[in-house]
Amino acid sequence: MAEREDKARPEGETAGAQTFPEEIQPVVDLLNKHYPDLSPAMRADGWLEVVVDRQQSPEFFRFLRDTRGLEFDYLSDVTAVDYEDKGFQVVYHLISIGLRADRTHRRLCVKINVPRDDARTPSVVDIWPTANFHEREVYDLMGVVFEGHPDLRRILLREDWVGHPLRKDYVDRRPPRPRVVEKAPGSWR
Amino acid sequence: MAKTSDVLGEQQLGVPAEQELFINMGPQHPSTHGVLRVLLKVDGEVVTDAKADIGYLHRCFEKIAERRTVTQVIPYTDRTDYLAAITSEWAFVMAAERLMDVEVPERAEYIRVIVGELQRIASHLLWFGTFALDLGATTVFLYAFREREKLLDIFQKLTGARMLYNYLRIGGARNDLYDGFADDVRRFLDDLEDRLHEYHTLFTGNRIFESRVKGIGVLSAEDAIKYGASGPVIRGSGVPYDVRKAHPYSVYHRFDFGIPIGKDGDVYSRYLVRMQEFYESIGIVRQALDQIPAGDFIGKVPRRMRLEGDAYARVESPRGEVGVYIVGRGEENAWRVHYRSPCFTHLQLLGPLGVGGLVADMVAVIGSIDIVMGEVDR
């Protein structure tokens with residue numbers, strides 16, 4: 001692995017270790033100042049990670065985008081993971097690109113836990129328009145509803161599809177197709 | 001197939017006003033490079049609204065990836081971005097390596113960089129040919145494919161395949177470079193440099209071409225960031241954002257290369273950025289061939305690969321930022337694999353870029369964001 005990636009890793013790699021690389025420390029300080037009970041943690045792949053409640057999510061995302069020193073203006077990715085009985089987790093990967101001179105390209109991963117029986121969370125389309133397709137995809141495949149999304153329809157599957165395939169309890173309703181392998185005449189097998 | 005209920009696009013674009021008309025561009029349209037349906041609302045010949053309708057090639061790659069062991073997923077990643085298979089493999093393999101803390105030997109990293117940059121050249125050559133073809137320049141297409149053919153021969157000799165290589169492995173690559181690989185590649189690069197000059201005299205200064213691309217599909221830097229553009233699209237708008245520089249992976253920090261950026265954010269800027277990237281890639285491959293150390297082409301990997309935790313790895317593919325997010329829960333299969341596709345994100349730009357232009361400009365816009373539908377639909 002590249003040397004720079006290695007440097008970005010915390011010593012000992014235990015979750016919640018309080019040593020952060022020096023370019024990430026200001027981000028942690030800012031987060032701790034405004035949201036004291038967030039406890040950001042360093043992930044092994046070099047991303048800073050926080051878990052927030054879905055109730056505070058729109059203000060928190062606005063804070064991330066608009067605060068001087070954070071300025072996460074680029075939403076790389078939105079996805080969701082099904083943790084079965086623990087519910088869903090919606091995962092956002094944010095980067096600061098910035099048109100200003102200081103191009104440090106900070107990175108932050110935000111996770112929101114969503115209960116299984118009430119799978120909804122506020123949409124971030126009005127903060128980052130790029131979330132439009134990403135949230136539609138998550139809704140389509142995982143069935144998490146994004147409240148306030150301007151156009152929440154299925155995007156990859158057809159409209160009359162039943163269920164959300166990436167859920168772990170998804171049942172494939174298509175008739176089973178047995179796999180038939182016929183020996184060719186005169187085959188050496 | 002898909003969405004039969006919205007043939008007229010009324011659900012997506014609303015009922016048209018009296019003078020307006022719906023046009024379905026695609027799913028089978030020569031300029032869409034696959035099965036992309038673009039819903040256009042036009043007033044005369046001016047586009048007043050545009051939306052992309054996708055999903056025709058959907059295979060649910062992410063579900064397939066959950067049911068295979070990590071090593072078995074690698075060939076599937078080829079099929080997402082089939083014109084740049086190496087970079088899709090690379091993103092996946094890198095995410096898995098970060099999850100399991102696998103050490104990659106230095107030689108393997110160099111092999112990856114060389115193959116990855118050659119892949120960028122191959123992909124840009126195909127884009128150059130088809131983009132010109134979309135705009136009516138047939139000869140360019142033949143020229144570009146002539147060069148791409150030579151490159152594919154090198155790939156075939158190295159990996160055994162011409163497009164879907166299945167070459168990278170967790171911890172390195174499948175096989176070492178063959179004897180004489182460096183000579184083959186150097187000869188190809190020298191040749192390509194001459195040819196690039198030829199391309200520029202043939203196409204870049206062409207007045208018909210320039211009048212079709214200059215000032216068309218303008219994307220401002222702010223919009224590019226807001227809409228999550230990446231790769232040549234965001235750089236064409238003047239934002240010097242490149243994953244290879246922003247968060248250097250592999251051994252990219254050892255090479256000296258620039259990030260070409262455009263001035264105006266129009267189709268022409270994106271064209272120039274890609275043409276400039278040929279030279280940067282040639283430079284990187286030459287440096288890598290000079291520096292490549294001896295050693296193993298694959299590192300020590302555990303026999304049973306157990307994934308634990310989560311990791312997100314990003315790679316600068318020819319089209320933009322490819323990201324793979326893997327979650328493991330102590331098994332050999334990934335619990336969840338997510339593939340972030342640059343083209344999928346770029347398709348949201350069709351509206352902002354195409355509105356106000358002519359229908360013919362839409363073809364130039366689609367060509368300039370260089371979509372691969374296999375990657376959009378996954």
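In chain B, β7(B) and β8(B) form a hairpin with four residues between them; helices here are DSSP runs of H or I with at least four residues and strands are E runs of at least two, numbered from the N terminus. This is a predicted model, in which local features need pLDDT of at least 70 and side-chain atom pairs count only at pLDDT 80 or more, while totals for chains, interfaces and linings use all residues. Residues are numbered from 1 along each chain as its sequence is written, and chains are lettered from A and ligands numbered from 1 in the order in which they are written.

Strand β8 (residues 336–340) of chain B is mostly covered, with five of its five residues buried. A residue is called buried if 20 or more other C-beta atoms lie within 10 Å of its own, exposed if 12 or fewer do, and partly exposed in between, with C-beta atoms placed from the backbone. B:R336, B:H338 and B:R340 point one way from β8(B), whereas B:V337 and B:Y339 point the other way, and all are buried.

Chain B also holds an open sheet of three strands in the order β1-β2-β3, with antiparallel pairing. Its edge strands are β1 (20–25) and β3 (46–53) of chain B, each pairing on one side only. On average, neighbouring strands of this sheet are turned by 20 degrees against each other, direction ignored. Strand β2 (residues 37–43) of chain B meets β3(B) in the antiparallel sense over seven bridges, and B:V38 has B:A52 of β3(B) as its bridge partner. Helix α15 (residues 359–369) of chain B packs on the sheet and touches β1, β2 and β3 of chain B; its direction makes about 150 degrees with that of β2(B). Axes are lines fitted to C-alpha atoms, for helices over the stretch in contact, and angles run from 0 to 180 degrees between N-to-C directions. Contact means that the C-beta atoms of two residues, placed from the backbone, lie within 7 Å.

Now look at helix α6 (residues 138–159) of chain B. At 1.5 Å a residue, its 22 residues should span 32 Å, and the end C-alpha atoms are 31 Å apart, which agrees; the expected span is 1.5 Å times one less than the number of residues. Which residues of α6(B) are buried? They are B:V140, B:A144, B:E147, B:L151, B:F155 and B:L158. These residues cover an arc of only 100 degrees around the axis, which puts them on the same side of α6(B); the arc is that of the directions from the helix axis to the C-beta atoms. An α-helix has 3.6 residues a turn, so residues three or four places apart point the same way. The buried residues of α6(B) pack against α5 (106–134) and α7 (181–204) of chain B, while B:T138, B:T139, B:L142, B:R146 and B:E149 are exposed on the other side of α6(B).

Just after α6(B), B:G160 takes a positive phi of about 90 degrees. In the loop between α6 and β4 (168–169) of chain B you will find B:N166, whose phi near 50 degrees is a positive value in a residue other than glycine. B:N166 counts as partly exposed because it has 16 C-beta neighbours inside 10 Å.

Turning to chain A, there are four helices and seven strands. Five strands form an open sheet in the order β1-β2-β5-β4-β3 (chain A), with mixed pairing. β1 (41–42) and β3 (74–82) of chain A stand at the edges with a single partner strand each, so one side of each is left without a neighbour in the sheet. Eight bridges join β3(A) to strand β4 (residues 88–95) of chain A, and the two run antiparallel.

Finally, where the chains meet, 32 residues of chain A are in contact with 42 residues of chain B. The largest share of the side of chain A that touches chain B, six residues, comes from β3(A).

Technical notes:
Pairing = 2+ DSSP bridges.
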